[in-house]
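Hi everyone, thanks for coming. I'd like to walk you through one model today, so please have a look at the screen.

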Amino acid sequence: MTFLILAFAAGVLTIVSPCILPVLPFVLARADKPFLRNGLPLLTGMALAFTAVATLAAVGGGWAVQANEYGRFAALGLLAVFALALMFPGLADRMARPLVALGARIADSSEGGAFKDRAFASSLVLGAATGLLWAPCAGPVLGLILTGAAIQGANAGTSLLLLAYAGGAATSLALSLLVGGRVYALLRRSLGVSQWARRGMGAAVLAGVALIATGLDTGLLSQLSLSSTSKIEQKLIDAFKPQAHEEPQAPAMAGSVPDAEVAAPKAGSAALATSTTWNDRTFAPLADATGWINSPPLTGADLRGKVVLVDFWTYSCINCLRTLPYLRAWADKYRDAGLVVIGVHSPEFAFEKNDNNVRRAVKDLGLAYPVAVDSRHAIWRGFENQAWPALYFVDAQGRVRHRVFGEGEYEASERFIQKLLAENGKVTRGGGLVAVQGEGVQAAPGERVMSGETYVGHERAANFVPEEGLQPDRLHGYEPAASVKLNHWTLGGEWTVEAERAVAAKAGARLAYRFRARDLHLVLGREAGAAPVRFRVLVDGRPPAQNRGADVAADGSGVIDAHRLYQLVRLPASAGDHLFEIEFLDPGAHAYAFTFG
């Protein structure tokens, strides 16, 4: 319920975003008609069409996107005809004659019942066409919803969240429509003014069709924005977000749903807490793994009588990486006592679905315990998981007894492992706790970290400057902002900003971020099979020297050799703001997300 309210509120805010402007004339063109029979069905059709298309686009892949393109062409044609009908009443009369004649014949035989709601039906169709053309600005909330849809797959919850977002937008548009109706009523005092108002609205609709058809709506109209909703949305997310058990801004709504509302796996429900019967269903989702690393496939039969710790992680997630030293230590220390640690690798980015990439990461990270490859998120859905990282503690009867979301609580987690082992009659060697010291990207975060995870792809991007914004899915030459405020970032050179990444088209492409933290990381990659991409890093305008990260030389040079998280800055402390700059000396760099520590 919390996230439904958040989605609805974000939808309401779209009325002040630039991306609503292309469809606003389509809605206001119905201002002179009764709201219940014209405006309401139009907005309903728009919300339903957007929900259907967004769900398909998130879970259906390329075919759904292509099908939507055909739908957009049909919608543009329909709305162009509608605009011409507004501008030229004679044309509207000629277009209506066949329908009027048909309606008269039906009226003669059945009193016209089927055509009494012709206005309702036509408005519903126009609304659906508008929904096909509406491309809302993807702020933080919509980004969470769409990524959650891609991970969780097609389900009622995903569609309900998208419908709540569209419903919020429709609500704010309804208020605009009602206000517009009152203004139009005043204009109707003069027939000439009324006719000119209709023609002007028709011209506005036709202009909106032209802008969308040519693609200028995403570029030109973003420069006309009077306000940005991203900051407001982020404040709403922060207001709903708990202070523990979370990964900030994690997809699939992690970090936005209170821990109390995150459902446990169906198989490990509280109803089984006092049962001593083996619960084989807990581990049933493991059968849907797309592969296994360090182990043959594991089943409930293999794990019966064992204490099991299941870790949901992904290899470019900084929060996940910082938990690995503890997981390795626990797997080592308690193996003989009957503890089995299972990593479930559930990807966030597309490159993390590549089996070779995952196997390389497991080897490089020194993981010796079994890892289930969950590239389709089937195990994630089976456990009803909500976050990276997520730890599930399963007792010897196969019952989920405890969960931890996000980093931290390591001492309490280890004591709980000891408790479950003791319940199973196992004595652990060395009653104390493990001493862990992570290195490089796996080191514990510093203090006073004031910068949070920031995505570069347009689907979840926030705090980009300058104000004209990103140009989605097209090659564009960016001029870097003259100044960058704390937690804001900018691009320079030629980039194509895609949904989850930005791709540097030429050598000399640049990226800058002003941050406050000890460590700065950036998820980077290159085309498969391509040559390594060289880069150069500056901190406050100078080579990093002793402030270099693990993947950078003292002079700031480095190389992108694989898709992974790169530690680029490691300061002595996190006090003060610093400007990070990176220049790619070769084309083909892929930039995904900043993280900090």
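**A helix across the sheet**

Let's start with helix H12 (residues 318-334), which lies across strand E2 (307-313), strand E3 (339-345) and strand E5 (390-394) and runs at about 160 degrees to E2. Helices here are DSSP runs of H or I with at least four residues, strands are runs of E with at least two, and both are numbered from the N terminus. For the angles, axes are lines fitted to C-alpha atoms, for helices over the stretch in contact, and the values run from 0 to 180 degrees between N-to-C directions. Helix H15 (residues 410-423) also packs on the sheet: H15 touches E2, E3, E5 and E6, and its direction makes about 170 degrees with that of E6. A contact means heavy atoms within 4.5 Å.

Before going on, a word on where this comes from. This is a predicted model, in which local features need pLDDT of at least 70 and side-chain atom pairs count only at pLDDT 80 or more, while totals for chains, interfaces and linings use all residues. Residues are numbered from 1 along each chain as its sequence is written, and side-chain values use heavy atoms, with hydrogens and water left out.

Now the sheet itself. In what order do the six strands of the open sheet come? The order is E1-E4-E3-E2-E5-E6, with mixed pairing. At the edges sit strand E1 (291-293) and strand E6 (400-405), each pairing on one side only. From one strand to the next, the twist averages 20 degrees. Two strands count as paired if DSSP finds at least two bridges between them. E1 and strand E4 (residues 371-373) run antiparallel and are joined by three bridges; there, Trp-292 stands opposite Ala-372 in E4.

Next, some backbone details. Most residues other than glycine have a negative phi, and most peptide bonds are trans. Here, a cis peptide bond joins Trp-388 and Pro-389, with omega about -20 degrees, and Pro-389 belongs to the loop between helix H14 (378-382) and E5. Another cis bond goes from Val-465 to Pro-466, with omega near 10 degrees. Pro-466 is in the loop between strand E7 (454-455) and strand E8 (475-478).

That loop between E7 and E8 also holds Asn-463, whose phi is positive, near 65 degrees. Asn-487 has a positive phi near 65 degrees too, and is placed in the loop between E8 and strand E9 (489-497). Is each of these asparagines buried or exposed, or something in between? Buried means under 20% relative accessible area, exposed means over 50%, and partly exposed is in between (1.4 Å probe, protein chains only). Asn-463 is partly exposed because its relative accessible area is 27%, whereas Asn-487 is at 17% and so counts as buried.

Finally, the whole chain. The protein chain has 15 helices and 17 strands, and buried residues make up 51% of its 597 residues. Of the contacts with a separation of 6 or more, 76% are between residues 24 or more positions apart. The chain exposes about 25,800 Å², and carbon and sulfur atoms supply 59% of that area; accessible areas come from the Shrake-Rupley method with a 1.4 Å probe, and for residues only the protein chains shown count as cover.

That's my tour, and I'm happy to go back to any part of it!
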